[in-house]
Amino acid sequence: MPLPKEDKYTIDVIYDLPDGKRAELIDGHIYDMAPPGRFHQEIIQYFCLSIGSYIASNKGLCKVYPAPFANVSFLKRLMKQEAYWL
């Protein structure tokens, strides 16, 4: 009896998800994601404000994007660059 085939997915599947559908692609497997809760969002806001203030006070050029952040066109451009900073 043959083993069942295990599908491996690519980033194209994530790009094709309907708006509002959240999922992660990890090692070719898709995992549905629950929306973040209130406590999570409060922590993210604190970190974004703290990091953003630090960058501004040091005249940095970086930007802070709070999670969840999924702009597909931005991600596609980012993936095409030879080098990028996160």
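**Exercises on salt bridges, surface and confidence**

Arginine 38 and glutamate 42 are separated by about one helical turn, because they lie four residues apart in helix α2. The model used in these exercises is predicted.

**Exercise 1.** Find how many salt bridges the model has, and describe the one formed by arginine 38.

Solution. The count comes to two salt bridges. A pair qualifies when a side-chain nitrogen of Lys or Arg is within 4 Å of a carboxyl oxygen of Asp or Glu. Arginine 38 meets this with glutamate 42, as their closest N and O atoms are 2.7 Å apart. Arginine 38 is exposed, at 65% relative accessible area, while glutamate 42 is partly exposed, at 39%.

**Exercise 2.** State which residue pairs with lysine 21 in a salt bridge, and where the two partners sit.

Solution. The partner is aspartate 32, with 3.1 Å between the closest N and O atoms. Lysine 21 belongs to the loop between α1 and β1, and aspartate 32 to strand β2; eleven residues apart, they link distant parts of the chain. Lysine 21 counts as partly exposed, at 39%; aspartate 32 is exposed, at 58%.

**Exercise 3.** Decide whether phenylalanine 39 is buried or exposed, and name the patch residues.

Solution. Exposed means over 50% relative accessible area. Phenylalanine 39, in helix α2, has 59%, so this residue is exposed. Together with Ile43, Tyr46, Phe47, Ile51 and Val64, Phe39 forms a nonpolar surface patch of about 600 Å² accessible area.

**Exercise 4.** Identify the helix of highest confidence.

Solution. Helix α2 (residues 38-57) is highest, at a mean pLDDT of 91, and helix α3 (residues 72-80) is lowest, at 58. Over residues 82-86 the pLDDT is below 50. The chain mean is 77.

Note on methods: Residues numbered from 1 in each chain as written. Predicted model: local features only at pLDDT ≥ 70, side-chain atom pairs only at ≥ 80, totals over all residues. Heavy atoms only, no water. pLDDT = per-residue confidence, 0-100. Helix = DSSP H or I, 4+ residues; strand = E, 2+ residues; numbered from the N terminus. Contact = heavy atoms within 4.5 Å. Patch = residues over 30% accessible without salt bridge, like charges linked within 9 Å, V, L, I, M, F, W, Y side chains within 5 Å. Areas by Shrake-Rupley, 256 points an atom, 1.4 Å probe, with all protein chains shown as cover. Buried < 20%, exposed > 50% of the residue type's maximum accessible area, 1.4 Å probe, protein only.
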